[in-house]
Amino acid sequence: MVHKVKGAVVRSKGAPVTLETILVPDPGPGEALVDILTCGVCHTDLHYKQGAINDDFPFLLGHEATGVVSAVGPDVTQVAPGDRVVLNWRAVCGECRACAKGQPQYCFNTHNAAQKMTLEDGTELTAALGIGAFAEKTLVAAGQCTKVDPDADPAAVGLLGCGVMAGIGAAINTGNVKRGDSVAVIGCGGVGVAAVAGAALAGATTVIAVDIDPKKLERAKDLGATHTVDSSAVDPVETIRELTGGFGADVVIDAVGRPETYKQAFYARDLAGTVVLVGVPSPEMTLELPLLDVFGRGGSLKSSWYGDCLPSRDFPMLIDLYRQGKLDLDAFVTERITIDQIEEAFDKMHSGALLRSVVEL
Ligand SMILES: NC(=O)c1ccc[n+]([C@@H]2O[C@H](COP(=O)([O-])OP(=O)(O)OC[C@H]3O[C@@H](n4cnc5c(N)ncnc54)[C@H](O)[C@@H]3O)[C@@H](O)[C@H]2O)c1
Ligand SMILES: [Zn+2]
Ligand SMILES: [Zn+2]
């Protein structure tokens, strides 16, 4: 059977988001059909709309979602109809060279649904990050469903599906932040503030939030920043050094992903410290650094794909911390909107007013 549901689609580069009838097939082998409850609006959706990820239009947007499994393919055992799930974009294959080395968090062959969702005229849709959850129903690989406690607020825990996990993981997994570390986070949108929260959770004693928008810095304080730096007013590198005894932070996380913020991260870090790039650059960006500085400052320069998370390990752990009051996921849900307000939510991203708009379906 094919299900006809409403979904948020972008047909071509820069075109507005339109609500379309989409056709979602019943799950085949290895697949699960999920009724979406909530889905957050992430900057990566905007990157898709702008054509900055790839040209495989039309896109079915949305990927930070909580839902309820409504049907599974014949061979699926890890989830069943009725299960509350947070969707992930890292359904590990177990077989690629990363998985074979015991590093499934880097899996190079993650699973998505084999069947395509389409528009009514049969045009195949590309689901954002293999999910496509700005829709009443979506079809994913069963491994993209992480079973979670049905009592937790779907809008809050669904954000672990992408941005919040990426930020927390950039700090605790990629950056390996430890008790007593000093950490600076450049860019305090949903991802950056999550990195602030992750650093605080890991026991960092100095957590410096940097943004060009003072409103974002206020939020960062609520989530664990010990200091804030408005980098539109002061030099962030000098200020971070001043706040860390003149040396720079042990770990600096770039949650913007621009050459200038990466350079700030590179120079605001202590000798032998760590830079983590979690913001996603666009294709035309290039970076120039004195090679002698790359050598002389030592340490490690890392990228964080999805916070180097393992959904099966990290989502339930973070939801436990949320339920124990140690991780304030509610603070990330700034507003709850309907599916026809996604375009407005993109506009608000630039106004700095919010961390996450969450679509309730
Ligand atoms: N690596 C991953 O797996 C992953 C996952 C999700 C999102 N992302 C990426 O992370 C980035 C942030 O996502 P988001 O949802 O938090 O976006 P957002 O738009 O909510 O936040 C971006 C923040 O950066 C600030 N900013 C912009 N330019 C700045 C500058 N020059 N200096 C300091 N701050 C600046 C903005 O004021 C804003 O607060 C995006 O590039 C997104 O695509 C990466
Ligand atoms: Zn793999
Ligand atoms: Zn995202």
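Predicted model: local features only at pLDDT ≥ 70, side-chain atom pairs only at ≥ 80, totals over all residues.
Residues are numbered from 1 along each chain as its sequence is written, while chains are lettered from A and ligands numbered from 1 in the order in which they are written.

**View 1. The shell around ligand 1.** The shell around ligand 1 holds 34 residues. A residue is near the ligand if its C-beta atom, placed from the backbone, lies within 6 Å of it. His43, Ala166, Gly187, Gly189 and Val191 come nearest. At least two shell residues come from each of α1 (43-49), α4 (163-174), α5 (190-201), β12 (206-211) and α8 (259-267). Helices (H or I, at least four residues) and strands (E, at least two) are DSSP runs, numbered from the N terminus. By class, the shell has 15 nonpolar, 14 polar and five charged residues. Ala, Val, Leu, Ile, Met, Phe, Trp, Tyr, Cys and Pro count as nonpolar, Asp, Glu, Lys and Arg as charged, and the others, Gly among them, as polar.

**View 2. The packing of α4 and α5.** Two packed helices are described by the angle between their axes and the distance between the axes. For α4 and α5, the angle is about 45° and the axes lie 7 Å apart. That makes α4 oblique to α5. Angles under 35 degrees count as roughly parallel, over 145 as roughly antiparallel, 65 to 115 as roughly perpendicular and the rest as oblique. Axes are lines fitted to C-alpha atoms, for helices over the stretch in contact, and angles run from 0 to 180 degrees between N-to-C directions. The α4 and α5 crossing is right-handed, meaning that the near helix is turned clockwise from the far one by less than a right angle. Contact residues include Gly163, Ala166 and Ala170 of α4, and Gly190, Val191 and Ala194 of α5. Two residues are in contact if their C-beta atoms, placed from the backbone, lie within 7 Å. By class, this contact has 13 nonpolar, five polar and no charged residues.

**View 3. The parallel six-stranded sheet.** Six strands form an open sheet in the order β13-β12-β11-β14-β15-β16, with parallel pairing. Two strands pair if DSSP finds at least two bridges between them. β13 (227-230) and β16 (300-303) are the edges; each has a single partner strand, so one side of each is left without a neighbour in the sheet. Neighbouring strands are turned by 20° against each other on average, direction ignored. Five bridges link β11 (residues 182-186) to β12 in the parallel sense. Valine 183 has valine 207 of β12 as its bridge partner. Helix α8 lies across β11, β14 (249-254) and β15 (269-277), and runs at about 150° to β15.

View 4. Five strands form an open sheet in the order β7-β2-β1-β4-β8, and the pairing is mixed. Its edge strands, β7 (118-119) and β8 (126-127), each pair on one side only. β1 (residues 2-10) and β2 (residues 18-25) run antiparallel, joined by eight bridges. Valine 5 stands opposite isoleucine 22 in β2. Eight bridges also join the antiparallel strands β3 (residues 31-40) and β5 (residues 64-72). There, isoleucine 36 has glycine 67 as its bridge partner in β5. Strand β6 (residues 84-87) pairs with β5 over three bridges, in the antiparallel sense.

View 5. Most residues other than glycine have a negative phi, and most peptide bonds are trans. Asparagine 176 has a positive phi, near 50°. A cis peptide bond joins phenylalanine 57 and proline 58, with omega about -10°. Proline 58 is in the loop between α1 and β4 (59-60).
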